[in-house]
Amino acid sequence: MKRLIGLSFIICHLSFCPAGAQEWTVQQCMQYAVEHNHEVKRAELELDNYKAQKTQAAGRFLPSVDASIGAQYNFGRAIDPETNGYTDVNTFNNGYSLYASLPVFDGFGRIHALKAAKASMLMGRAALRQRQDQTALNVLQAYVNVAYYEGMVNMAGEKVQETELLLKQIRLLEEVGRKSAADVAQVESQKAEADYELTRQQNLYASAMLELKKTMAFPLGDSLLLSVDDGDRWCDSADSSANHEPVSRIHPGLQQARYQIQVSKHEWHQARASLFPSLSLSTGLNTSYYHTLHSGAGASFHNQFKNNKGEYVGATLSIPLFNRLQSLTNIRRAKNNYRIAREAYEQELLELEKLSYEAWQDWRGYLKQVEQMTHKVEADSLAYQLTRRQFEEGLSTAIDLRTTSAQLLNSKATLLQCQLMAMVKEQLVRYYKGEQIW
């Protein structure tokens, strides 16, 4: 079975690929898309935002240090800093301060904020992995569509060649009187239909290739040659008879939902921290300079800067009493978000288990269909060859030949479709197991 599938893919490969040109396998296409897709780049930037949020949460444990410099010109009545009396002369005041503050206790709010930021960063990584996997799956589907229409183009081209050869034979038989003009007209109709089908499949192939390039973020004007010779490795059906395995707990979708639970839980505890008193320490250093304008009297800047210097150390205890029920409302909302996250996780787990089981069932079903359609293609091919020989000998009509030809072409197309879908479903089974498919 694996040899047949691999052989079919080799046959489906385009025969007009230039020699020496680089051919892209599906793994290379998926890796290129993961590196260049715009949605993946957005997920990477969002992950960087989560990392910045974690750094910000860790920075809340450090003291804050500020410095300020102020200058003031007084015109008219003012207070003299030397005598603390009123004066009406113009003066200049210059102040300098350096102060630091450190929160000591805030109801463990900073700890839960840091834990929530860490969980958010892990959730961002899971979201990035999920976006990469989804991009790879989209590329896989687009790649399979290209491979399908590529095979259809080859089949349609073979059909055109067969009808051309048949038409030449029928015309020779008409000249010797063994075939009528009606038989020639019917074969000419089949030739025109084969030309139309080839053109239609070529257009569908071009559209599928354009969609693949867009999904990969590949330059639309550049040539992209595909290599689908690794069908043996894709359709390894050794494990197809094994029992279905449940969806992996390391699946990025489940990880993202699980980390969202942790984020919501720590945000809930962080909201409850607003009910506790907070304690902070502060320390500072300040000095000033004073000078009466248009007067040479007064101490120098150096002496005033030194003599006016002062230091302080303080502690602040803040006790929440009543803030119009905002804390209680925030706690209630955060608790509901935590419950919502848990329900979302259970729903995600159920949905992924269902999709995983469906992919496994479809994979086994398509492998059986490939085996069945292989026998049907062999039978339809034999029937077409016999009908064609009978038509050449005058024992069957052109309608019979057309019917068997269309039946053979449909069987080949169905076989190719089943082979490709078996590959897609196998990759989906691996995806739900938590394996990296790109």
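The structure holds zero disulfides, a disulfide being counted as a pair of cysteine sulfur atoms within 2.5 Å. In general terms, a disulfide is a covalent bond between the sulfur atoms of two cysteines. C29 counts as buried because its relative accessibility is 0%, and C418 is likewise buried, at 4%. Here buried means under 20% relative accessible area, exposed means over 50%, and partly exposed lies in between, with a 1.4 Å probe and protein chains only.

The model is predicted, so local features need pLDDT of at least 70 and side-chain atom pairs count only at pLDDT 80 or more, while totals for chains, interfaces and linings use all residues. Residues are numbered from 1 along each chain as its sequence is written, and side-chain values use heavy atoms, with hydrogens and water left out.

Helices and strands are DSSP runs numbered from the N terminus (H or I of at least four residues for helices, E of at least two for strands). Helix α4 spans residues 109–175. Its 67 residues reach 98 Å from the first C-alpha to the last, close to the 99 Å expected at 1.5 Å a residue; the expected span is 1.5 Å times one less than the number of residues. G177 follows α4 and has a positive phi, near 90 degrees. Helix α10, residues 398–432, has 35 residues and covers 51 Å between its first and last C-alpha, close to the expected 51 Å. Just after α10, G434 also adopts a positive phi, of about 90 degrees.

Leaving aside neighbours within four places in sequence, M216 is in contact (heavy atoms within 4.5 Å) with W24, C29, Y32, A33, H36, V139 and L224.

Q190 is found in helix α5, residues 181–216, and counts as buried because its relative accessibility is 7%.

The strands form an open sheet of four, in the order β2-β5-β7-β8, with antiparallel pairing. Strands pair if DSSP finds at least two bridges between them. At the edges stand β2 (64–74) and β8 (310–318); each has a single partner strand, so one side of each lacks a neighbour in the sheet. Neighbouring strands are turned by 20 degrees against each other on average, direction ignored. Within the sheet, β5 (residues 91–105) and β7 (residues 278–292) pair over 14 bridges, with F92 opposite H291 in β7. Nine bridges join β7 to β8, where L279 stands opposite L317 in β8.

Note on methods. Axes are lines fitted to C-alpha atoms, for helices over the stretch in contact, and angles run from 0 to 180 degrees between N-to-C directions.
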